[in-house]
Amino acid sequence: MLLVVLLQILKLIIMKNILNPLRITTTIAIAAFAIPNTMVAQQAANDFIEIERSRILVEDVLSEEEQAALTPNQVFESLQAGNFRFVGSDLTARDHSIQIRESAEAQYPKAIVLSCVDSRVPVEDVFDKGIGDIFVARVAGNFINDDILGSMEFATKVAGAKLILVLGHENCGAIHAAIDGAELGHITKMLKNIQPAVERSTVSEGPRTSKNRLLVHEVSENNVRIAMEDIVKESSLLKEMVDNGEIEIKGAVYDMDTGAVIFLK
Ligand SMILES: [Zn+2]
């Protein structure tokens, strides 16, 4: 009888979610004196994921020697592999407090990613990377301007990164606004940077509005391609590094539905 009452109380507490995990744990621990251990274990297994201390990555901050030994293609493969883990919910467990201390003196990231500001594109997570692994430049619509180019030149020529990745994404508000010709404050001027991609997109099916998913997709890809072209057109320094094989430039679009990064050919 006591067992039944205790189980009912536990069920009520957890279903209504009225107590924080610590108090629920405490309640289960107290109940453990009165009910069989196997039942406690079963309940606990539903609420917690245990990770062995040895599986938490603590020394993954890239060193100068490791960065220098990397080729652009190895970095590309590392980003691809990280995205596979992200899509498969197999992210690396990291101890951030140790990584912060280890990277405090210097940084040797392997890539710079230009992304949109969109909150649904957490760049480090998308590539399963930690502190000190990648530079991230962000501007709504992931287009190129002088400040972004300066950041890319710093990341590669000065800090040694081997890959530049322009990462667009599906359902981009900036792309939608550029297609629809939205005007508001500084947004009006910002969207002019995306207009070349709108003009290059010539899908014949459907209206030329942001409601046309085919058009939005085409503009997203063209916007990435134009950014990749602008990098070598506007920065002789980066073009020379590409020509010498020191760095590579890649483009991709992030799929909101699956979490997959689709690299452009
Ligand atoms: Zn966006």
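The legends below describe close-up views of a predicted model. Local features are given where pLDDT is at least 70, side-chain atom pairs count only at pLDDT 80 or more, and totals for chains, interfaces and linings use all residues. Residues are numbered from 1 along each chain as its sequence is written.

**Figure 1. Overview of the protein chain, with its 13 helices and 5 strands.** Helices (H or I, at least four residues) and strands (E, at least two) are DSSP runs, numbered from the N terminus. Of the 265 residues, 30% count as buried. A residue is buried if 20 or more other C-beta atoms lie within 10 Å of its own, exposed if 12 or fewer, and partly exposed in between, with C-beta atoms placed from the backbone. Two residues are in contact if these C-beta atoms lie within 7 Å. Among contacts in the protein chain with a separation of 6 or more, 71% come from residues 24 or more positions apart.

**Figure 2. Helix α5, residues 72-87.** The helix has 16 residues, and its first and last C-alpha atoms are 23 Å apart, close to the 22 Å expected at 1.5 Å a residue. The expected span is 1.5 Å times one less than the number of residues. Pro 72, Val 75, Ser 78, Leu 79, Gly 82, Asn 83 and Phe 86 are the buried residues of α5. Seen down the helix axis, they fall within an arc of 135°, so they line one face of α5. The arc is that of the directions from the helix axis to the C-beta atoms. Asn 73, Glu 77 and Ala 81, on the other side of α5, are exposed. The cover over the buried residues includes β1 (111-115), α7 (123-126), β3 (163-169), β4 (248-254) and β5 (261-263). Just after the helix, Ser 89 has a positive phi of about 50°.

**Figure 3. Leu 163 in strand β3.** Leu 163 is buried, with 25 other C-beta atoms within 10 Å. Not counting residues up to four places away in sequence, Leu 163 touches Pro 72, Val 75, Phe 76, Lys 110, Ala 111, Ile 247, Glu 248 and Lys 250. Of these, Pro 72 and Val 75 are among the buried residues of α5.

**Figure 4. The crossing of helix α9 (residues 173-180) and helix α12 (residues 213-234).** The two axes come within 10 Å and cross at roughly 110°. This makes α9 roughly perpendicular to α12. Axes are lines fitted to C-alpha atoms, for helices over the stretch in contact, and angles run from 0 to 180 degrees between N-to-C directions. Angles under 35 degrees count as roughly parallel, over 145 as roughly antiparallel, 65 to 115 as roughly perpendicular and the rest as oblique. From α9, Ile 175, His 176 and Ile 179 make the contact, and from α12 Leu 215, Val 216, Val 219, Ser 220 and Asn 223 do. These residues divide into 5 nonpolar, 3 polar and no charged. Ala, Val, Leu, Ile, Met, Phe, Trp, Tyr, Cys and Pro count as nonpolar, Asp, Glu, Lys and Arg as charged, and the others, Gly among them, as polar.

**Figure 5. The buried residues of α9 and the ends of the helix.** Ala 174, Ile 175, Ala 177, Ala 178 and Ile 179 are buried. What covers them includes α10 (187-191), α11 (195-200) and α12. In the loop between β3 and α9 lies Asn 171. Asn 171 is not a glycine, yet has a positive phi of about 55°, and it is partly exposed, with 17 other C-beta atoms within 10 Å. Just after α9, Gly 181 takes a positive phi of about 65°.

**Figure 6. Gly 141 in the loop between β2 and α8 (146-158).** Gly 141 counts as buried, with 22 C-beta neighbours inside 10 Å. Leaving aside neighbours within four places in sequence, Gly 141 is in contact with Cys 116, Cys 172, Ala 174, Ile 175, Ala 178, Asn 193, Ile 194 and Asn 223. The C-alpha atoms of Gly 141 and His 176 are separated by 9.8 Å, with the residues 35 apart along the chain.

**Figure 7. Asp 128 in the loop between α7 and β2 (134-138).** Asp 128 has a positive phi of about 50° although it is not a glycine. Asp 128 is buried, with 21 other C-beta atoms within 10 Å.
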